[in-house]
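Biologist: I would like to learn how to read charged pairs and contacts in a model. Can we go through them step by step?

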Amino acid sequence: MSVSLPRSVVAALWVGCADDGESWIPRAVDAITGTDEPHRTDDDAPLGALLDRLSLQHSVSGTVFSALPVPHEPVGLTGPVGIAAMDAGECVVVDGGAGAQALVAVPDVVAFGSALEPGAMVRWQVHTAQAAIVPVSLGDARRMLAEALVIAVDALESMDVARWRPDAAEEIAELASSAVPAEISHQLPPRLDPRRSDLLVRAARLEAIAELAMADDGAAVTLFAADQRQAALRHVASASRHAMSAASTFAH
């Protein structure tokens with residue numbers, strides 16, 4: 001199972017950990033782009049220009065973080081910006097401080113290729129908006145994720161996940177490990193606090209497993225049992241998203 005971080009989480013991490021000057025931008029572009037085609041913005045600027053803009057606003061007064069909305073969990077963005085973020089399932093936000101508008105960058109991703117050779121065209125839509133988003137604290141995120149891990153293991157064991165998805169069973173066994181998968185290692189800034197990277201790795205693994213399990217009823221014998229497991233796994237995925245958002249939050 002391939003485990004990686006959302007593009008907006010990676011972008012927020014690099015902006016939050018930015019060095020003085022612009023030497024970090026090429027490394028950040030490489031980490032965010034991965035195997036995608038070169039990213040552009042809605043006015044056809046390169047991704048590096050967007051990162052520089054986000055970093056400038058962050059350095060002046062803002063808090064930078066990634067928001068990961070889903071239909072049953074909006075994140076405080078309204079109007080066209082909120083719709084775009086919901087459709088994408090992610091965005092980078094730099095809150096401009098009290099009374100100031102936030103800068104919001106939403107990746108519009110068009111996938112192509114095959115499962116063996118995937119590719120994506122990404123164009124970042126940049127907006128200004130009033131943002132009423134308060135990411136959870138790192139401490140709360142850790143507690144939520146620890147609770148979610150217990151729920152996930154219980155739900156997945158009852159689904160006999162080791163039987164129908166051996167690769168997922170291997171990932172479950174690695175959840176307690178602090179080892180960083182190669183896909184995520186490339187995405188993380190070198191100056192990132194190890195406590196944040198550990199939280200990100202655990203959250204990304206747990207979300208990937210929950211999303212995979214939600215596509216199958218496993219050993220459920222009744223509709224009620226299947227619904228109960230789906231509800232538990234949605235809770236797990238939610239805790240994982242909150243953890244990734246919290247770990248990508250940097251106040252200036």
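Predicted model: local features only at pLDDT ≥ 70, side-chain atom pairs only at ≥ 80, totals over all residues.

Biologist: Which residue forms a salt bridge with Arg-202?

Modeller: Start with the general idea. Side chains of opposite charge can pair when their charged atoms come close. Here, Arg-202 pairs with Asp-198, and the closest N and O atoms are 2.9 Å apart. Asp-198 is partly exposed, at 25% relative accessibility.

Biologist: Where do Arg-202 and Asp-198 lie?

Modeller: Both are in helix α9, which spans residues 194-213. They sit 4 residues apart, about one turn of the helix.

Biologist: How far apart are the closest N and O atoms of Arg-143 and Asp-140?

Modeller: For the salt bridge between Arg-143 and Asp-140, that distance is 2.2 Å. These two residues are 3 apart in helix α5 (residues 138-158), so about one helical turn separates them. Arg-143 is exposed, with a relative accessible area of 54%. Asp-140 is partly exposed, at 33%.

Biologist: How many salt bridges does the structure hold?

Modeller: There are 7 salt bridges. One of them joins Arg-123 to Asp-44, with the closest N and O atoms 3.5 Å apart. Arg-123 lies in strand β5 (residues 118-129), and Asp-44 in the loop between β1 (40-41) and α3 (47-60), so this pair ties together parts that are 79 residues apart in sequence.

Biologist: What are the relative accessible areas of Arg-123 and Asp-44?

Modeller: Arg-123 has 34% and is partly exposed. Asp-44 has 44% and is also partly exposed.

Biologist: Which residues are linked with Arg-123 in a network of salt bridges?

Modeller: Arg-40 and Asp-44 are linked with Arg-123 in that network.

Biologist: Now for contacts. Which residues does Gly-16 touch, leaving out those up to four places away in sequence?

Modeller: First place the residue. Gly-16 is found in helix α1, residues 7-16. With neighbours up to four places away set aside, Gly-16 touches His-58, Val-64 and Phe-250. Next, look at a pair of C-alpha atoms. Those of Gly-16 and His-252 are separated by 8.4 Å, although the two residues are 236 apart along the chain.

Biologist: Why does Gly-16 count as partly exposed?

Modeller: Gly-16 counts as partly exposed because its relative accessibility is 21%, while buried means under 20%.

Notes. Residues numbered from 1 in each chain as written. Heavy atoms only, no water. Buried < 20%, exposed > 50% of the residue type's maximum accessible area, 1.4 Å probe, protein only. Contact = heavy atoms within 4.5 Å. Salt bridge = Lys/Arg side-chain N within 4 Å of Asp/Glu carboxyl O.
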